[in-house]
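Student: I've just opened this one and I'm new to it. Could you walk me through how it is put together?

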Protein chains: 2
Amino acid sequence: MSGTYGNLPEAVRIVEVAPRDGWQNLGEFIPTATKVELVSELAACGFAEIEVSSFVNPRAIPQLADAAQVLAGLETPAELIRSVLVPNRRGLVAALESPVDKLVFFISASDTHNHKNLGCSQADTLVEIEAMQALVPEDRARRVSVSNVFGCPYEGEIAYDAVSRLVAALVQTGLSEITLCDTLGVAVPDQVYLFCASLQEQFPEVDFGLHLHDSCGRALACVMAGLQAGITRYDSAAGGLGGCPFAPGAAGNLATEDLVSCLERMGIATGVDPEKLLAAARRQAGIVRAGNSHMLAFTAGCRQ
Amino acid sequence: MSGTYGNLPEAVRIVEVAPRDGWQNLGEFIPTATKVELVSELAACGFAEIEVSSFVNPRAIPQLADAAQVLAGLETPAELIRSVLVPNRRGLVAALESPVDKLVFFISASDTHNHKNLGCSQADTLVEIEAMQALVPEDRARRVSVSNVFGCPYEGEIAYDAVSRLVAALVQTGLSEITLCDTLGVAVPDQVYLFCASLQEQFPEVDFGLHLHDSCGRALACVMAGLQAGITRYDSAAGGLGGCPFAPGAAGNLATEDLVSCLERMGIATGVDPEKLLAAARRQAGIVRAGNSHMLAFTAGCRQ
């Protein structure tokens with residue numbers, strides 16, 4: 001045998017985002033007690049972190065209106081990071097009353113999408129993030145997810161320089177954990193590699209992660225490019241659920257089962273128990289299918 | 001921007017296999033005239049080659065019983081290679097009476113699967129291939145597709161040495177075009193890279209190609225690994241149709257739309273017109289859906 005494939009890491013951290021990104025689009029409300037059970041089952045799988053919910057306007061995302069109740073009902077392993085999305089100070093204040101370990105801010109690499117998703121300009125969101133940073137207590141971690149880094153349904157491809165300037169502005173607010181999101185699922189591997197390699201070189205102090213959607217079947221190909229560029233933190237959603245309500249054409253997230261089975265077979269440790277994960281994804285599938293029979297695109301991921 | 005992603009080729013050849021691998025499993029017979037129309041539409045997309053049908057036992061694969069009639073009815077561009085699968089001398093003799101440019105033999109890297117798929121041992125198939133080689137006229141090209149190279153539903157992982165020995169035996173029969181097939185869709189990128197890099201080093205005279213199924217969402221990730229190892233020939237099926245009747249658990253082929261859209265956006269030329277391809281895949285989807293409503297797993301590939 002000859003040759004080695006890239007310069008791959010020995011381990012990655014997986015952030016399970018089904019309870020937040022996967023469920024937010026579902027038409028039928030999942031009862032709070034069921035959410036608590038499903039998140040608890042996912043929490044037992046060994047994830048580094050779970051995005052449990054969002055403290056957003058319940059009129060915009062009614063499915064996640066029970067964020068506080070879900071967090072209050074959860075019993076999770078001590079080492080699991082429970083994170084929630086917060087769009088602004090109002091959401092942040094509410095989130096800080098709940099047992100959360102990490103606050104996740106979000107902003108879009110596309111100003112047009114930022115308006116649609118957050119109701120204001122990218123510049124206004126930067127100001128809001130700075131204001132939130134001043135309010136977060138020292139003992140709570142924080143991250144920012146940058147959506148549409150690799151393409152936007154309204155603005156098309158986003159130039160690297162625009163992404164780099166936005167990252168610099170976010171670093172300026174004191175953030176050092178940034179997730180680069182392919183909200184639409186249009187990224188290609190060489191683009192992912194170049195963006196990740198360049199951003200890490202430019203911002204060596206930042207912990208960059210990747211959030212990929214599988215609209216065009218490229219998510220795992222982009223993970224490989226990310227790994228080769230040295231990225232060791234990946235978002236994914238059990239069952240491949242997901243899709244941004246304000247990003248038409250976006251399909252589901254990279255399925256956690258597909259990510260874990262691929263990485264583990266490559267000898268890259270994920271910390272996630274594949275059997276428990278499959279059981280959790282199947283239970284979720286039953287609940288989601290029952291309440292949302294229109295979701296034909298749903299797959300349970302790897303059939304292995 | 002820093003870094004370059006792998007050492008990628010500037011162009012690839014795509015072998016469209018939907019008419020053969022994609023349709024062979026469909027329960028409802030596609031009328032011969034419809035097949036001719038669909039293959040003609042695919043032929044106009046710019047593929048290097050189309051696997052048009054198989055000269056196999058019509059009782060085993062009734063869908064492809066009209067191979068001769070389809071080939072007789074086709075009008076395709078002069079540069080398009082029309083290939084057909086032949087399992088044995090009986091199929092070969094029939095195929096040679098049709099206007100075909102290339103004969104595709106097949107054998108399995110797993111002896112158990114070879115028995116199920118071809119009804120005899122791997123050793124017997126090697127003898128049959130040798131006998132067929134003696135019968136093929138000089139002006140007809142030939143290839144062999146080796147199934148289950150990266151894993152078998154019956155034997156599990158296949159050792160590299162077993163694959164290498166089989167390739168050596170096939171080269172011994174005079175073959176110099178070999179497709180490595182992940183019939184189940186269980187390959188992982190580092191395995192694909194290692195197998196491809198090693199086989200090419202060991203057999204520099206052989207033109208190796210890859211045939212990938214997307215059962216676990218890894219097909220494009222494996223294409224990237226193949227590209228990085230220098231492989232420039234890929235099978236794929238419009239609409240992601242497919243699945244071997246004797247490989248339980250296998251899902252559809254890598255969708256040609258997904259392959260073409262990804263490669264073209266990376267600046268790797270495929271020769272395929274993406275608009276014509278999408279139109280052909282959509283027309284096929286309408287026909288396949290109408291006659292095979294059980295195929296819920298079917299997707300039209302990239303939604304872009």
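Student: In which sense do β1(A) and strand β2 of chain A pair?
Tutor: Strands here are DSSP runs of E, at least two residues long, numbered from the N terminus, and two of them pair if DSSP finds at least two bridges between them. β2(A) covers residues 49–54, and in it E49(A) is the bridge partner of V15(A). Over two bridges, the sense of β1(A) and β2(A) is parallel.

Student: Before we go on, what kind of model is this?
Tutor: Residues are numbered from 1 along each chain as its sequence is written, while chains are lettered from A and ligands numbered from 1 in the order in which they are written. Local features need pLDDT of at least 70, side-chain atom pairs count only at pLDDT 80 or more, and totals for chains, interfaces and linings use all residues, since the model is predicted.

Student: Which residue is the bridge partner of I14(A) in β8(A)?
Tutor: Strand β1 of chain A (residues 13–16) also pairs with strand β8 of chain A (residues 233–236), in the parallel sense over four bridges. In β8(A), the partner of I14(A) is Y234(A).

Student: Over in chain B, how many strands make up the closed barrel?
Tutor: The barrel runs β1-β2-β3-β4-β5-β6-β7-β8 with parallel pairing. From one strand to the next, the twist averages 25°. So for the strand count, going by the definition of a strand as a DSSP run of E, the barrel of chain B has eight.

Student: Which residue does V84(B) stand opposite in β4(B)?
Tutor: Strand β3 (residues 81–85) and strand β4 (residues 102–108) of chain B run parallel, joined by three bridges. V84(B) has contacts (C-beta atoms, placed from the backbone, within 7 Å) that include V52(B), A67(B) and V100(B). Its opposite number in β4(B) is L103(B).

Student: How many residues of strand β4 of chain A are buried?
Tutor: Buried means that 20 or more other C-beta atoms lie within 10 Å of a residue's own, with C-beta atoms placed from the backbone. Strand β4 of chain A spans residues 102–108 and is mostly covered. Of its seven residues, the buried ones number six.

Student: And the helices: at what angle do the axes of α7 and α8 of chain B cross?
Tutor: α7(B) is residues 160–172 and α8(B) is residues 189–202, and their axes come within 11 Å. Residues making the contact include V163(B) and F195(B). The crossing angle is roughly 40°.

Key
Axes are lines fitted to C-alpha atoms, for helices over the stretch in contact, and angles run from 0 to 180 degrees between N-to-C directions. Two residues are in contact if their C-beta atoms, placed from the backbone, lie within 7 Å. A residue is buried if 20 or more other C-beta atoms lie within 10 Å of its own, exposed if 12 or fewer, and partly exposed in between; C-beta atoms are placed from the backbone. Lists of a residue's contacts leave out its neighbours within four places in sequence.
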